[in-house]
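Colleague: I would like to learn how to read a few features of a model. Please take them one at a time.

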Amino acid sequence: MVGENENMDLPFVDETLLARWLSGELTEEERRKVEEHPHFSDWQRLAIAARDLQAPAYDEATNWQQIQTRKDRPATTSRRRMSILGWWPAAAAALLLLVAAAFLLWPAGQQELLVITNSGEQLQQQLPDASVATLNAESSISYLPDDWTDNRVLELKGEAFFEVEEGSRFLVQSPQGEVEVLGTSFNVYARDDGFKVYCYTGRVAVRQVNGATLELRPGQGVSLVDGQREALYSRDRESPGWTRGETNFRNAAPTEVFVVLERQFGVSVSYDELPNLRYTGPLPHTELEQALQVVCPPLRLRYELVDEQNVRISPLED
């Protein structure tokens, strides 16, 4: 029996905890415990290193035939009679040795920190200088904590709201463009379907990949989609609506609305056709059916909750 003090020294008690953390299947309480653990930063670095790893190719029929062949072959020693499941502990031990070696060889002082949110999740991350990044669903930021004092640079994929402490240059990089400030609050949307920036306080400089730079003041925004630039304006003076539990649309296509609904609730929305209408209004994040009740009637649509993961949309019959 493990004593109380010994148990406290273990990295984790539930051996599935890290696997479920990587796949985004933890409860809120479990996720909080993982993030408060003293080894959490090490686990994040391991997750970064594992992103590019690929499992070896597996062919079920071929492997089954190999098992049958070995089964029919007489065993020469007791080791040859190891069960199919018997290799798992050895493989796990080997993996742990590789992980330990990776940490021993990891270069010190330049370890990237990666913060990720899943579908339907928002997360507030305090940066080393007390600046704060609030991530929307399905987003990530990465930066070098040890280099932050001299180089306040981070990479964003998805959407985040930043409240920046005054100081040296603060740079948000994305594949679509960069945003540079000295001390202000602003929102950056950097996804495959476009790049949008809103300024809430102070001033921000938005730099496109072609080198063109645009300065924004409070209440102003810009959208860059397929090389086309469009001026945007926000009625929100303090922060974007999604940080308060709703996404606000203005003259949006139904497909745009349902992409956000999928992201916020972790569901799949299917439809055969959508009306040629535009949507202006909110999409609340609190409850799936409430959100559908808000957005579907103005678009002349009806919805069906097929199951917990799937929603079916169809036009209203005249």
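Colleague: Which strands does helix α8 lie across?

Modeller: This is a predicted model, in which local features need pLDDT of at least 70, side-chain atom pairs count only at pLDDT 80 or more, and totals for chains, interfaces and linings use all residues. Residues are numbered from 1 along each chain as its sequence is written, and side-chain values use heavy atoms, with hydrogens and water left out. Helices (H or I, at least four residues) and strands (E, at least two) are DSSP runs, numbered from the N terminus. Contact means heavy atoms within 4.5 Å. Axes are lines fitted to C-alpha atoms, for helices over the stretch in contact, and angles run from 0 to 180 degrees between N-to-C directions. Here, helix α8 (residues 288–295) lies across β17 and β18, at about 160° to β17. Helix α7 (residues 254–265) lies across β15, β17 and β18, at about 150° to β15.

Colleague: What is the order of the strands in the open sheet?

Modeller: Two strands pair if DSSP finds at least two bridges between them. The order is β15-β18-β17, three strands with mixed pairing. β15 (268–271) and β17 (301–307) are the edge strands, each pairing on one side only. From one strand to the next, the twist averages 25°. β17 and β18 (residues 310–315) run antiparallel and are joined by six bridges. In that region, R302 stands opposite S314 of β18.

Colleague: How many aromatic pairs are there in the whole structure?

Modeller: A pair of aromatic rings is described by the distance of the centres and the angle of the planes. Rings of Phe, Tyr and Trp (its six-membered ring) pair if their centres lie within 6.5 Å; planes under 30 degrees apart count as stacked, over 60 as edge-to-face and the rest as tilted. The search finds seven pairs. W148 and F170 are edge-to-face because their centres are 5.7 Å apart and their planes are at 80°. W148 lies in the loop between β4 (140–143) and β5 (152–163) and F170 in strand β6 (residues 170–174), so this pair ties together parts 22 residues apart in sequence.

Colleague: Is W148 buried or exposed?

Modeller: Buried means under 20% relative accessible area, exposed over 50%, partly exposed in between (1.4 Å probe, protein chains only). W148 has a relative accessible area of 2%, so W148 is buried. F170, at 0%, counts as buried too.
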